[in-house]
Amino acid sequence: MFIFSLEGNMSSILRSDPDATFQKGPFHIRHVRPGHALPAQHDTAFGSLSGIDHADLGTGTLVSMHEHKNDEILSYLMHGTMIHEDRNGQRVALSSQKIMMMNAGESFWHEESAPSEPVEMLQIFIRPREADLEGRVQFLERKKGENLNHWELIAAPEGQGECLEIRQQIYVCDIQLLPDQKTEVPVRQGFATFLYVAEGAIGAGDSRLGKGDGLGSETDLPEITALAPSVLVCFQVKLNAEAVMVGSISGK
């Protein structure tokens with residue numbers, strides 16, 4: 001982790017850690033612990049944003065039917081097609097144009113597979129506001145390029161419009177940037193911000209961030225410049241929001 005100051009604001013860079021990996025056959029995950037981007041915080045979570053798994057699923061990967069409890073899980077694909085199946089009888093193809101929020105609640109069973117092509121994705125784990133809510137799953141259809149060079153809201157607390165619902169005080173938006181394009185990182189009063197570089201490379205102040213790096217702050221973040229075609233995911237998190245620690249994964 002590297003800390004820099006810009007215009008009186010303190011931000012922290014969380015560098016990609018190749019040692020924080022897990023691999024089983026064609027399934028490869030690098031664990032991201034966003035809380036490390038807040039130097040004063042000892043938790044590995046960034047408020048209720050528990051963690052991000054940056055995953056690569058080789059062709060033929062199957063994660064067989066398994067249960068989640070009390071996790072809010074956002075599945076965000078950058079490349080490929082992943083098949084979601086659950087005990088409610090749904091079989092849905094996920095892609096960069098169709099993303100998923102699983103509000104596991106008291107119980108939700110599903111499996112994931114990449115039968116026809118490799119997949120690169122983020123699985124984002126969030127601690128819900130309370131335990132044992134109804135288990136459910138949601139899907140969001142997107143048009144190709146709709147977030148090109150502007151921020152698009154993809155998930156938010158309930159009742160925030162046509163996006164996926166999170167049972168927590170977290171807003172998630174994303175952007176695709178072309179080289180040399182600049183953008184201001186969204187600001188929400190009373191919320192801290194964690195920015196993740198899902199693809200590409202960016203400049204932030206005098207620093208360069210590459211794929212897998214993150215940038216966190218309890219105040220504003222610096223202006224971003226794309227150094228290559230890039231995909232950024234921004235999390236606005238109310239750090240003091242009520243959250244439970246009993247999730248299958250988010251509670252760890």
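Modeller: In this predicted model, E6 gives the largest share of the lining of the largest pocket, 5 residues.

Colleague: What makes a residue part of that lining?

Modeller: A lining residue has an atom within 4 Å of a pocket point. In the largest pocket 24 residues line the space, and the closest to its centre are Phe 27, Ile 29, Asp 53, Phe 125 and Ile 249. Strand E6 (61-68) is one of the elements that give two or more residues to this lining, and the others are strands E3 (21-24), E4 (27-32), E5 (49-57), E11 (108-114) and E12 (119-126).

Colleague: How many residues of each class are in the lining of the largest pocket?

Modeller: The lining has 10 nonpolar, 9 polar and 5 charged residues. Phe and Ile count as nonpolar and Asp as charged, so Phe 27, Ile 29, Phe 125 and Ile 249 are among the nonpolar ones and Asp 53 is among the charged ones.

Colleague: What volume does the second largest pocket have?

Modeller: Its volume is about 270 Å³, and that of the largest pocket is about 540 Å³.

Colleague: Which residues are the closest to the centre of the second largest pocket?

Modeller: Of its 15 lining residues, those are Met 78, Ser 96, Gln 97, Asn 147 and Gln 176. Strands E7 (72-79) and E16 (170-177) each give two or more residues to the lining of the second largest pocket, and E7 has the largest share with 3 residues. By class, this lining has 4 nonpolar, 5 polar and 6 charged residues. Met counts as nonpolar, so Met 78 belongs to the nonpolar class.

Terms used. Residues numbered from 1 in each chain as written. Predicted model: local features only at pLDDT ≥ 70, side-chain atom pairs only at ≥ 80, totals over all residues. Heavy atoms only, no water. 1 Å grid on protein atoms, 1.4 Å probe; cavity = no way out; pocket = protein on both sides within 12 Å on 5 of 7 lines; lining within 4 Å. Points joined across faces, edges and corners; volume = space filled by probe spheres on them. Helix = DSSP H or I, 4+ residues; strand = E, 2+ residues; numbered from the N terminus.
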